[in-house]
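I opened my notebook to see how this chain is put together.

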Amino acid sequence: MKIEERTLAIVLLDIIGSTAFVQRAGDAKAAMVFQVHDRSVRDLITRFNGQEIDRSDGFLIYFETIQDAVNFGLYYQINVPERTKLSCRVGVHWSSIVVVHQDAKYIQGGAKRLELEGVGKNIAARTMSLCGKGQVLLTKEAMDEFKNLGVNSNTPKGTRYSFIGAYKFKGLKQYI
């Protein structure tokens, strides 16, 4: 096992109402739609140099740069929900995070190759939970880093962003 601390953009993506969708569509049809969704997400992860950590009714991903993370979220919201008819939300946090590289024997037994640990993962999850349909919501740290670097050539034309307020999450001392 190898553990390293890094500063990364942590992204959580969630399909809103996934359980109700599976109940309406049935397991087989829902699985087909989710596969279209997941392939589209993985194409965008690759395009923006991300690393998939986990998947459920959404994804946990990290990116080396905030610009790649934000551009991933924007392109995701522009393209994937329309293609799949699924409503989704994306939360982004810029933070120091612990990356755990698992041992091969545990990976063989089904463990993930990489895992993320630290409060940054919790903050990203809580940020995503505040998102509405079609939104990409950034924490203050993520917004500050994005504003510092600015948009790049991959950022969709006409992208606008706004500070909507700081939140106090349960269990955290600071506002996010």
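Before anything else, I wrote down that contact means heavy atoms within 4.5 Å. I also noted that this is a predicted model.

**Entry: two helices.** I looked up where α3 and α6 meet, and found I66, Q67 and V70 in α3 touching A142, E145, F146 and L149 in α6. I sorted the residues of that contact and got 5 nonpolar, 1 polar and 1 charged. Next I checked the axes, which come within 9 Å and cross at roughly 105°. Angles of 65 to 115 degrees count as roughly perpendicular, so α3 and α6 are roughly perpendicular to each other.

**Entry: the cores.** Which residues have the most contacts inside the largest nonpolar core? I got V11, F63, I66, F72, Y76 and V92, in a core of 31 residues. Then I asked which elements supply at least two residues each, and listed β1 (2–15), α2 (27–47), β3 (58–63), α3 (66–84), β4 (88–101) and α6 (140–149). I marked α3 as giving the most, with 7 residues. There is another core apart from this one, and its 12 residues include L8, L12, I53 and L116.

**Entry: V92.** I picked V92 and skipped residues up to four places away in sequence; among those it touches are V11, I66, V136, L138 and A142.

**Entry: a strand pair.** How do β2 and β3 pair, parallel or antiparallel? They turned out antiparallel, over 5 bridges, with β2 covering residues 50–55. A hairpin joins β2 to β3, using 2 residues.

How values were computed:
Residues numbered from 1 in each chain as written. Predicted model: local features only at pLDDT ≥ 70, side-chain atom pairs only at ≥ 80, totals over all residues. Heavy atoms only, no water. Core = buried A, V, L, I, M, F, W, Y, C linked by side-chain atoms within 4.5 Å. Buried < 20%, exposed > 50% of the residue type's maximum accessible area, 1.4 Å probe, protein only. Helix = DSSP H or I, 4+ residues; strand = E, 2+ residues; numbered from the N terminus. Pairing = 2+ DSSP bridges. Axes fitted to C-alpha atoms, helices over the stretch in contact; angles between N-to-C directions. Parallel < 35°, antiparallel > 145°, perpendicular 65-115°, else oblique. Nonpolar A, V, L, I, M, F, W, Y, C, P; charged D, E, K, R; others polar.
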